[in-house]
Amino acid sequence: MLLAIDCGNTNTVFSIWDGAEFVATWRTATEHQRTADQYYVWLSTLMEFQRIDADITDVIVSSTVPRVVFNLRVLSDRYFGTRPMVVGKPDCALPVDVRVDEGTQVGPDRLVNTVAGYDLFGGDLIVVDFGTATTFDVVDADGAYVGGVIAPGVNLSLEALHLAAAALPNVDITKPQRVVGTNTVACMQSGIFWGYVGLVREICVRIKAERERPMKVIATGGLAPLFQQADPLFDAYEEFLTMHGLVRIHNHNKRLEARA
């Protein structure tokens, strides 16, 4: 069985893949102070609670937080007896090319989403990921990652608004009933919701115009279904896009090992 770990700036997701499907997925806050022992206690407790008897033989990690990787390596080695694949490291091969400016380091999460998007939908894609940042990844016809766009994330924008303006409260993100708000909360919700609908639509339109070809827009991240309520912004939504990409990259490396 494969343990796939996606470590983002805000949350870390653990999924167990049995070769045919994900048998369990759990989410925890990303904390670089958390030790390998703490990870294992948390993980094994959840597995026991859900009565999952998983014989984990392989681990793959994608992390945008470098300080967390060390403890995840220790977790893999100490408790599962295996050296983890880490996306972005030289010994972890990708099944697609990366065509960006020389010396540019692309976030591993963006590479994983590119692999998953191409595997599921083919080429000529825009992958929109609603995370701590809202990212747009452009996938070429042959599956290569060729660049993208990074914008502030929805929750990050709301938090910045609250912190910078003392009179503005924290609000939930929801689709407002009307564009024009008649109270502070409604005004903020309208600004965030319709502002990000406009941001996503305009960036995708400009990417398509620059690429001069039709492109599918694939969304992932928990807030994507909310923004899809406004207009058909996306051609598809994949909740576990990143996890699918991690499995695909793991399988690709295993095939390369078998040929060596």
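Biologist: In this predicted model, are phenylalanine 14 and tyrosine 39 buried or exposed?

Modeller: Buried residues have under 20% relative accessible area, and exposed ones over 50%. By that criterion, phenylalanine 14 and tyrosine 39 are both buried.

Biologist: How many aromatic pairs does the structure hold, and which class describes the pair of phenylalanine 14 and tyrosine 39?

Modeller: The structure holds 10 aromatic pairs. In the pair of phenylalanine 14 and tyrosine 39, the ring centres are 5.8 Å apart and the planes stand at 45°. Planes under 30 degrees apart count as stacked and those over 60 as edge-to-face.

Biologist: What is the geometry of the aromatic pair formed by phenylalanine 193 and tryptophan 194?

Modeller: The two rings lie 4.9 Å centre to centre, with 90° between their planes. Because planes over 60 degrees apart count as edge-to-face, the pair of phenylalanine 193 and tryptophan 194 is edge-to-face.

Biologist: Is tryptophan 194 buried, exposed or partly exposed?

Modeller: Phenylalanine 193, at 0% relative accessibility, counts as buried. Tryptophan 194 has a relative accessible area of 29%. Since the limits are under 20% for buried and over 50% for exposed, tryptophan 194 is partly exposed.

Biologist: Which residues do ring pairs link into a cluster?

Modeller: Phenylalanine 193 and tryptophan 194 form an aromatic pair. Both are members of a cluster linked by ring pairs, made up of Phe130, Phe193, Trp194, Tyr196, Phe227 and Phe234.

Biologist: Which element gives the largest share of the lining of the largest pocket?

Modeller: The largest pocket has a volume of about 1,000 Å³. Among its 39 lining residues, Asp109, Asp129, Phe130, Gly131 and Thr132 are the closest to its centre. Elements that give two or more residues to this lining include E2, strand E7 (133-139) and strand E8 (145-152). The largest share, 4 residues, comes from E8.

Biologist: Which elements give two or more residues to the lining of the second largest pocket?

Modeller: The second largest pocket has a volume of about 480 Å³. Its lining comprises 17 residues, with Val87, Gly88, Gln105, Val106 and Pro108 nearest its centre. The elements that contribute two or more residues are helix H2 (66-80) and H3.

Note on methods:
Residues are numbered from 1 along each chain as its sequence is written. This is a predicted model: local features need pLDDT of at least 70, side-chain atom pairs count only at pLDDT 80 or more; totals for chains, interfaces and linings use all residues. Side-chain values use heavy atoms; hydrogens and water are left out. Rings of Phe, Tyr and Trp (its six-membered ring) pair if their centres lie within 6.5 Å; planes under 30 degrees apart count as stacked, over 60 as edge-to-face and the rest as tilted. Buried means under 20% relative accessible area, exposed over 50%, partly exposed in between (1.4 Å probe, protein chains only). On a 1 Å grid over the protein atoms alone, a cavity is a set of points where a 1.4 Å probe fits but cannot get out, and a pocket is an open set with protein on both sides within 12 Å along at least five of seven lines; lining residues have an atom within 4 Å of a point. Grid points are joined across faces, edges and corners, and a volume is the space filled by probe spheres set on the points.
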